[in-house]
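I want to go through helix packing, salt bridges and surface patches here.

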Amino acid sequence: MSRAEAAVETIQREMTVFARRARASAGRMHPELSLVSYTLLGHLEESGGCRATDLAAHYALDKSTVSRQVAALERAGLIERRLDPEDHRVQVLQLTEAGQEILGQVTLRRRAAVRERLEGFPEEDLVRFAAYLERYNAAPDDTTDR
């Protein structure tokens, strides 16, 4: 195995650990807010609201998965459906005031947890790590067809 192949294997393994840690910590951040729910709320905040089909497409999730998550977030009073001002046939999902408050609280806790985990990293490493993550996440995702 070449050094590059070994590095890819290590990256894959460590990203799996990272994802598991993120899922496990989500419950500690807010008991009713899963990692998927947190992610969907964050996207709704960032986008100013969107359709459920837009969420499914953005995260490459099955529509039924998004529908279940959206229903749970609606029951919890964290999001609501509003008519699209440009097309009254379309419903747009938007954060409620309670959704904005909980998202803000969880975001602060998550940032604090990440800062704590990265404490002691030299600034250059943090800047490089951030740039690598941005570059990785900007790459097209062609794995959804496999």
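In which helix is isoleucine 11 found? I looked it up: isoleucine 11 sits in helix α1, residues 3-29. Helices here are DSSP runs of H or I with at least four residues, strands are E runs of at least two, and both are numbered from the N terminus.

Before going on, a note on what I'm looking at. This is a predicted model, where local features need pLDDT of at least 70 and side-chain atom pairs count only at pLDDT 80 or more, while totals for chains, interfaces and linings use all residues. Residues are numbered from 1 along each chain as its sequence is written, and side-chain values use heavy atoms, with hydrogens and water left out.

**Surface patch.** I found Ile11 again, making a nonpolar surface patch of about 300 Å² with Met15 and Tyr136. Patch members have over 30% relative accessible area and no salt bridge; like charges are joined within 9 Å, nonpolar side chains (Val, Leu, Ile, Met, Phe, Trp, Tyr) within 5 Å. Areas are from the Shrake-Rupley method with a 1.4 Å probe, and for residues only the protein chains shown count as cover. Isoleucine 11 counts as partly exposed because its relative accessibility is 47% (buried is under 20%, exposed over 50%, partly exposed in between).

**Helix packing.** Next I checked α2 (residues 35-47) against α5 (residues 97-118): they pack at about 110°, axes 11 Å apart. So α2 is roughly perpendicular to α5 (65 to 115 degrees; under 35 is roughly parallel, over 145 roughly antiparallel, the rest oblique). Axes are lines fitted to C-alpha atoms, for helices over the stretch in contact, and angles run from 0 to 180 degrees between N-to-C directions. I noted the crossing of α2 past α5 as left-handed, meaning the near helix is turned anticlockwise from the far one by less than a right angle (clockwise would be right-handed).

**Salt bridges.** How many salt bridges does the structure hold? I get 6, each a side-chain nitrogen of Lys or Arg within 4 Å of a carboxyl oxygen of Asp or Glu.

- Arginine 51 is partly exposed at 36%, and aspartate 54 is partly exposed at 29%.
- Arginine 89 is exposed at 75%, whereas aspartate 87 is partly exposed at 21%.

Definitions and conventions:
Buried < 20%, exposed > 50% of the residue type's maximum accessible area, 1.4 Å probe, protein only.
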